[in-house]
Amino acid sequence: MSTAHWRCCECVATFDKCAVGLMVVCLCFGVNEREIERVVRDGADSLDAIGLMCDAGTGCGCCRAMLSKTLIEAENKSASSDTDWAVGASAALGVG
Ligand code: FES
């Protein structure tokens with residue numbers, strides 16, 4: 001998916017990332033990446049859940065690939081934290 005249509009919240013430039021770092025992910029509803037990250041942190045675990053919480057992805061659908069990427073990254077981050085915790089716990093217990 002091309003990111004050429006993404007626009008910055010502040011300058012409406014068509015850069016992949018702006019200096020402010022707030023990219024509008026969903027142009028249909030003006031939802032930026034910070035809001036997407038917030039709803040995922042608040043428990044959105046699917047595209048439908050993100051749509052229910054902030055409308056992103058419920059219009060033309062162009063942003064759904066980026067929303068999926070955010071979900072996968074959050075899932076990987078969570079799995080990594082679980083693994084880190086398990087490794088730390090194993091070391092602390094002298095097992096594993
Ligand atoms: S850009 Fe998100 S639904 Fe259209």
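Student: Which exposed residues does helix 1 carry on the face turned away from its buried side?
Tutor: The face of helix 1 pointing away from its buried side carries the exposed pair R34 and R41. For the terms, buried means 20 or more other C-beta atoms within 10 Å of a residue's own, exposed means 12 or fewer, and partly exposed is in between, with C-beta atoms placed from the backbone. Helices (H or I, at least four residues) and strands (E, at least two) are DSSP runs numbered from the N terminus. So the names you want, by that cut-off, are R34 and R41.

Student: What kind of model are we looking at?
Tutor: Residues are numbered from 1 along each chain as its sequence is written. Local features need pLDDT of at least 70, side-chain atom pairs count only at pLDDT 80 or more, and totals for chains, interfaces and linings use all residues, as the model is predicted.

Student: What pattern does the protein chain follow along the sequence?
Tutor: You'll find three helices and three strands in the protein chain. Of its 96 residues, 18% are buried. Read along the sequence, the pattern is β-β-β-α-α-α.

Student: Back to helix 1: how wide an arc do its buried residues cover around the axis?
Tutor: Helix 1 spans residues 33-41, and its buried residues are E35, I36 and V40. They sit on the same side of helix 1 because the arc they cover, taken from the directions from the helix axis to the C-beta atoms, is only 135 degrees.

Student: What is the crossing angle of helix 1 and helix 2, roughly?
Tutor: Two packed helices are described by the angle between their axes and the distance between the axes. Axes here are lines fitted to C-alpha atoms, for helices over the stretch in contact, and angles run from 0 to 180 degrees between N-to-C directions. The axes of helix 1 and helix 2 come within 10 Å and cross at roughly 115 degrees.

Student: And which residues of helix 2 make the contact with helix 1?
Tutor: The angle makes helix 1 roughly perpendicular to helix 2 (65 to 115 degrees; under 35 is roughly parallel, over 145 roughly antiparallel, the rest oblique). Contact means C-beta atoms, placed from the backbone, within 7 Å. Helix 1 brings E35, I36 and V39, and helix 2 brings I50, M53 and C54.

Student: Is V25 buried or exposed?
Tutor: V25 lies in strand 2, residues 23-26. Leaving out residues up to four places away in sequence, V25 touches V31, N32, E33, I36, A56, C63, M66 and L67. V25 has 27 C-beta neighbours inside 10 Å, so it counts as buried.

Student: What's the phi of D55, about?
Tutor: D55 is in the loop between helix 2 and helix 3, and it is partly exposed, with 15 other C-beta atoms within 10 Å. Most residues other than glycine have a negative phi. D55 isn't a glycine, yet its phi is positive, at about 75 degrees.

Student: How far apart in space are G59 and L27, C-alpha to C-alpha?
Tutor: G59 is in the loop between helix 2 (47-54) and helix 3 (64-93), and it is partly exposed, with 14 other C-beta atoms within 10 Å. Beyond its neighbours within four places in sequence, G59 is in contact with C28 and F29. G59 and L27 are 32 residues apart in sequence, and their C-alpha distance is 9.0 Å.

Student: Is D45 buried or exposed?
Tutor: D45 is in the loop between helix 1 and helix 2. With 12 other C-beta atoms within 10 Å, D45 is exposed.

Note on methods: Two residues are in contact if their C-beta atoms, placed from the backbone, lie within 7 Å.
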